[in-house]
Amino acid sequence: MKAAVVHDFTAPLVIEDRPLPEPGPHQVRVRIEASGLCHTDIHAAHGDWPVQPSPPFVPGHEGVGIVEAAGDLVRHVRVGERVAIPWLADACGRCDQCVSGWETLCLRQHNSGYSVDGAYAQYALAHGDYVVPVPDGIDPMDAAPLSCAGVTTYKALKVSGARPGTRVLISGIGGLGHLALQYARICGAETIAVDVTDDKLALARDLGADHVIDARTQDVATEVQALGGAHAAIALAVSNTSFQAAYGALRRGGTLVLVALPAGGKLELPVFETVLNGTKVIGSIVGTREDLAEVFRLHALGRTRVIRETRRLEDVNACFDEVLSGKVSARLVFDLRG
Ligand SMILES: [Zn+2]
Ligand SMILES: [Zn+2]
């Protein structure tokens with residue numbers, strides 16, 4: 001089978017032929033149809049973060065495909081079913097985090113395309129209990145970005161406390177932000193979209209943002225405070241200045257949710273204002289299997305639209321450059337069918 005492999009953090013990925021993987025007792029082998037490109041894959045391939053993957057490895061944690069073979073102990077899915085392989089490859093299932101709805105914080109988790117081989121390949125192995133079924137009627141090319149970009153922003157909205165009538169700022173309207181904006185609208189919030197490129201600002205308007213702010217020419221905090229301040233701000237832009245601006249846009253008692261992970265990212269908080277304003281700053285990492293099932297249900301109901309473009313896996317290195325240049329206004333998805 002064909003796979004895109006990282007051999008060295010400083011070298012391009014190599015497309016190579018690998019043997020078809022055989023599933024263990026708890027595993028399924030998935031024939032990948034669609035595999036989304038998440039910014040995390042680029043950080044993984046470059047070894048950008050404090051905890052690094054060990055080359056050689058196959059990136060990819062937005063894998064969607066058909067279960068082709070299953071180990072003897074797999075009960076949760078059947079051969080022939082379409083499933084998603086998300087970032088949470090598996091977790092211990094027994095710790096306090098796992099049993100209290102926070103499996104994404106399990107210390108013994110494995111991560112697809114990082115600590116175990118991921119979905120930048122024609123076939124991938126995955127844990128039968130941790131793949132998430134994709135409902136009929138969802139295009140696999142849409143399901144792929146929903147498996148990380150979708151569930152990550154959906155969860156961020158949940159933890160932000162957004163409710164009908166609250167004001168929610170979405171900082172960065174890219175692969176994640178365009179979905180965050182839609183989830184904020186589904187929550188019934190008044191939405192404020194912030195970006196620095198014309199096409200993303202236009203996309204925000206097209207998706208129905210109530211307010212659109214161009215951070216190149218407008219001061220985000222001033223504009224949002226004039227509206228009464230944001231109850232919640234979701235920080236998705238990979239930039240320290242956007243974190244600062246989102247913090248400054250909060251109203252008293254507001255919540256800043258950090259999601260984007262700039263290499264060496266830092267946020268400086270004025271303690272006095274944070275205390276007096278009762279500001280909450282929280283981090284949010286992906287979502288649970290149940291969160292992803294909810295994301296798929298919303299999409300099957302026609303409530304969300306995924307903006308994406310398809311690419312060939314052979315072009316993976318050019319696609320990384322395309323994303324790093326900031327010129328892509330959609331999620332890129334590798335089409336591995338046929
Ligand atoms: Zn991701
Ligand atoms: Zn656990």
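**Entry 1: the chain as a whole**

How many helices and strands are there in the chain? I counted ten helices and 17 strands; both are DSSP runs numbered from the N terminus, with helices (H or I) of at least four residues and strands (E) of at least two. I then looked up the radius of gyration, taken over C-alpha atoms. The chain gives 20 Å, close to the 20 Å of the globule rule for 338 residues, so it is as compact as a globular protein of that length. That rule is 2.2 Å times the number of residues to the power 0.38. Along the principal axes, the C-alpha atoms fill a box of roughly 60 × 40 × 40 Å.

I am working from a predicted model: local features need pLDDT of at least 70, side-chain atom pairs count only at pLDDT 80 or more, and totals for chains, interfaces and linings use all residues. Residues are numbered from 1 along each chain as its sequence is written, while chains are lettered from A and ligands numbered from 1 in the order in which they are written.

Next I checked burial. A residue is buried if 20 or more other C-beta atoms lie within 10 Å of its own, exposed if 12 or fewer, and partly exposed in between, with C-beta atoms placed from the backbone. Buried residues make up 49% of the 338 residues. I also checked contacts, meaning C-beta atoms, placed from the backbone, within 7 Å. Of the contacts between residues at least 6 apart in sequence, 70% join residues at least 24 apart.

I looked up the domains, whose bounds come from an automatic or database domain assignment. Domain 1 is 2–133 + 307–335, and domain 2 is 150–283. Their C-alpha centres lie 28 Å apart. Eight residues from domain 1 and eight residues from domain 2 form the contact.

**Entry 2: helix 10**

Which residues of helix 10 are buried? I found V316, C319 and F320 buried in this helix (residues 316–324). Seen down the axis, they fall within an arc of 105°, so they line one face of the helix. The arc is that of the directions from the helix axis to the C-beta atoms. The face turned away carries the exposed A318 and D321. The buried residues pack against several elements, among them strand 1 (2–5), helix 1 (39–46) and strand 17 (331–335). Just after helix 10, G326 takes a positive phi of about 75°.

**Entry 3: two single residues**

A34 is in strand 3. A34 has 26 C-beta neighbours inside 10 Å, so it counts as buried. Leaving out residues up to four places away, A34 touches V64, A144 and F334, among others.

R167 is in strand 10 (residues 167–171). Is R167 buried or exposed? It counts as buried because it has 24 C-beta neighbours inside 10 Å. Beyond four places in sequence, R167 touches residues including E190, L227 and H231. R167 and S239 are 72 residues apart in sequence and 22 Å apart in space, C-alpha to C-alpha.

Terms used. Two residues are in contact if their C-beta atoms, placed from the backbone, lie within 7 Å.
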